[in-house]
Amino acid sequence: MPGVGSRPATLDRIALVDVNNFYVSCERAFDPSLEGRPVVVLSNNDGCVVARSPEAKALGLKTGVPWFQIARQAERWGLVARSSNYELYGDMSARVMELLGRFGTWQQVYSIDESFLGLQGDAERLQATGRQLREAVARHVGLPVCVGIAPTKTLAKFANHVAKHNPDDGRLGGVMAWDSVPRGSVEALLRRLPAGEVWGVGRKTSARLEQLGIHSIADLRDADPGWIRSRFSVVLERTVLELRGTPCVPDVDESAGPAQVIFSRSFSRPVTTQAEMAEVMNVYAQRAAARMAAQGQRARVLTVTAGTSRFTGEDGSVARTVALDRATADPVAITRAAAAAMRSVMSEGIPYNRAGVMLSGLESAAQQNPMLEVFESAEPDRHVEDVLGAVRGRFGAGAIGLGQGGLVEQGQWSMRREFASPQYTTRFAEVPVVRA
């Protein structure tokens, strides 16, 4: 017990902040009429359910169910469908992450709707900070979040899980700070919940643990780390140590960059001609090049792919990989290479229903030899990516492009988004207008 007048101990803790039902919450932020109604967000081409509101979950709808199987019942259920609005979701994610970064001593963005933060303070202060995080995101971005605060990332994930699945618990209020919960309550929870609820423990691993007599999270925590490593992996050994309060999950090396950049989509209707596939390559190659340039990367290798639906009975899947003349993010060179590569392998008349462009052999633009700039600058397309990037940065991703990639309306093969909501935050013409 601390002595009279002593200050509470300052703790170094990790918070995991997660946006609740992220895609649906983004839709509701700009359309309050969706509150309290069952809502689903659909995958590319409005194919399957990829996100559900709590009300949609209560109807028994599962992730992955095809939309055509439930479309007829939608009106009877009062179910609302929305096409995936990736432009909106990406922008809303960026706003949330920037706001969260103001609260932590460090930040690691884990996914589009999750972020780890470093927090400091005594138990009471940590709980208060968690609630400030929730209030700030709700007020400034309009999205609901839950917060888990604990000594390790694994325990923070677990604390977040508890906060999210107990929304009516007034003591938590959407925030579970590990040091503020009575030890007896935490222990009872760890002994009641199965080991499969732990971050990183998949279905197969959970089944193997069951066979070895490890049923609950507490059982996994109390297992011998060395024995776990010998039977499973060093990753699961780290999980055991994290459950004991020892941080050992490494951070993602953001400076390393991605190993590859991929732009891949399904079509709203099959593409059967060389001319239409050339349009596809024009658009997809530019999108991939833009993503890569935004990351400060250059590619040495390009791969194009196209495939047929398994329901057509025709196996027309094709792919080709080519080496680029130099490490580049030049959209002209990449688009030409993609079109030529696809032209050499696709067959007219085959109903392709998807295609993709992958850029690999990536290296940082800063790694290129400046002595070569004198020779490369003579190429007219050398800095096209810089011009396009500057325009997109100021006016939006769809503001400019080359050929078909610069048109607002893409070909009839473009992705179907029948239930798309406006791009409220990224397209000027669709910015909400408020009148008083």
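How far from a polar atom of the Q127 side chain does the backbone oxygen of V175 lie? The first view below has the number. What you are looking at is a predicted model, where local features need pLDDT of at least 70 and side-chain atom pairs count only at pLDDT 80 or more, while totals for chains, interfaces and linings use all residues. Numbering runs from 1 along each chain as its sequence is written, and side-chain values use heavy atoms, with hydrogens and water left out.

View 1. Q127 belongs to helix 5, residues 123–140; helices here are DSSP runs of H or I with at least four residues, numbered from the N terminus. The backbone oxygen of V175 lies 3.5 Å from a polar atom of the Q127 side chain, and that side chain also reaches the backbone nitrogen of A177 at 3.4 Å. Both are polar contacts (N or O atoms within 3.5 Å; within protein, one able to donate a hydrogen and the other to accept it, and residues adjacent in sequence count only if both atoms are side-chain atoms). In sequence Q127 and V175 are 48 residues apart, yet C-alpha to C-alpha they sit at 7.1 Å. Leaving aside neighbours within four places in sequence, Q127 is in contact (heavy atoms within 4.5 Å) with residues including R171, L172 and S180. Q127 has a relative accessible area of 14%, so it counts as buried (under 20%; exposed is over 50% and partly exposed in between, with a 1.4 Å probe and protein chains only).

**View 2. Helix 13 and its start.** At the helix start, a side-chain oxygen of D330 comes within 3.1 Å of the backbone nitrogen of V332. Among the buried residues of this helix are P331, V332, I334 and M342.

**View 3. F116 between a ring and a charge.** Y110 and F116 have ring centres 5.7 Å apart and planes at 65°, so they make an edge-to-face pair (Phe, Tyr or six-membered Trp rings with centres within 6.5 Å; planes under 30 degrees apart are stacked, over 60 edge-to-face, the rest tilted). K153 lies over the face of F116, 5.2 Å from the ring centre (NZ of Lys or CZ of Arg within 6 Å of the centre and within 35 degrees of the ring normal). F116 is buried at 0% relative accessibility, whereas Y110 is partly exposed at 37%.

Terms used: Helix = DSSP H or I, 4+ residues; strand = E, 2+ residues; numbered from the N terminus.
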